[in-house]
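The sequence and the structure are shown below.

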Amino acid sequence: MFRERDGVEVLIGHMGGPFWENHDKAAWSIPKGEYTRDEPAIDAARREFEEELGLPVPPGDLLPLGDIRQPGGKLVTIWALHGDLAPDTIVPGTFSMEWPPHSGAYQDFPELDRVAWLPPAIAHDKLVTGQRPFLDRLKERVTG
């Protein structure tokens, strides 16, 4: 999502779980997730938005920002949506993982442990490297 307040701001989330808790730079993400060949990417984007943020996708036109192959090989397809959400209304989904490693004990962690509206210049350094080009694409779409 993006909004306009003294310039454009983007909504990004800090990745949850013990691996990310002490990191800020390159530890944030655009809400996203995986999909299969049987699910259209745009449907997956809507589903993942709801799963990660715990809120329905607000009404509005989705602006395609294309796709980018991430350094790990995953293909990410992103849409932007002009709108506004209060970060304190977001109830992130959770995932389960073995923690501590090799302990046999599983814990639930939030997919995103916090979200924030940030100007693209600040969001750039916070986003994982492979998602940063989407900020440039958004800027092109919004400002021409």
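## An exposed loop residue

His102 counts as exposed, because its relative accessibility is 78% and the cut-off for that class is over 50%. The model discussed here is predicted. His102 lies in the loop between S6 and S7. Although His102 is not a glycine, its phi is positive, at about 65°.

Pro100 is also placed in the loop between strand S6 (94–98) and strand S7 (106–110). The peptide bond that joins Trp99 and Pro100 is cis, with omega at about -5°. Most peptide bonds are trans, and most residues other than glycine have a negative phi.

## Overall fold

The protein contains 3 helices and 8 strands. In sequence order, these elements follow the pattern β-β-β-α-β-β-β-β-β-α-α. The protein is as compact as a globular protein of its length, because its radius of gyration of 15 Å is close to the 15 Å that the globule rule gives for 144 residues. Along the principal axes, the C-alpha atoms of the protein fill a box of roughly 50 × 35 × 30 Å.

Among the contacts in the protein with a separation of 6 or more, 58% are accounted for by residues 24 or more positions apart.

## Burial, surface and charge

Buried residues make up 38% of the 144 residues of the protein. The accessible surface of the protein is about 8300 Å², and carbon and sulfur atoms contribute 52% of this area.

## A buried lysine and its surroundings

Which element holds Lys126? Lys126 belongs to helix H2, which spans residues 120–126. Lys126 is buried because its relative accessible area is 17%, and the cut-off for burial is under 20%. The side chains of Lys126 and Asp24 are joined by a polar contact of 2.4 Å. Apart from neighbours within four places in sequence, Lys126 is in contact with Ile12, Asp24, Lys25, Ala26, Ala27, Trp28 and Leu118.

Ala26, one of these contacts of Lys126, is found in the loop between strand S2 (8–15) and strand S3 (28–29). Ala26 counts as partly exposed, at 23% relative accessibility. The phi of Ala26 is near 60°, which is a positive value in a residue other than glycine.

Notes
Residues are numbered from 1 along each chain as its sequence is written. This is a predicted model: local features need pLDDT of at least 70, side-chain atom pairs count only at pLDDT 80 or more; totals for chains, interfaces and linings use all residues. Side-chain values use heavy atoms; hydrogens and water are left out. Helices (H or I, at least four residues) and strands (E, at least two) are DSSP runs, numbered from the N terminus. The radius of gyration is taken over C-alpha atoms; the globule rule is 2.2 Å times the number of residues to the power 0.38. Buried means under 20% relative accessible area, exposed over 50%, partly exposed in between (1.4 Å probe, protein chains only). Contact means heavy atoms within 4.5 Å. Accessible areas come from the Shrake-Rupley method with a 1.4 Å probe; for residues, only the protein chains shown count as cover. A polar contact is a pair of N or O atoms within 3.5 Å; within protein, one must be able to donate a hydrogen and the other to accept it, and residues adjacent in sequence count only if both atoms are side-chain atoms.
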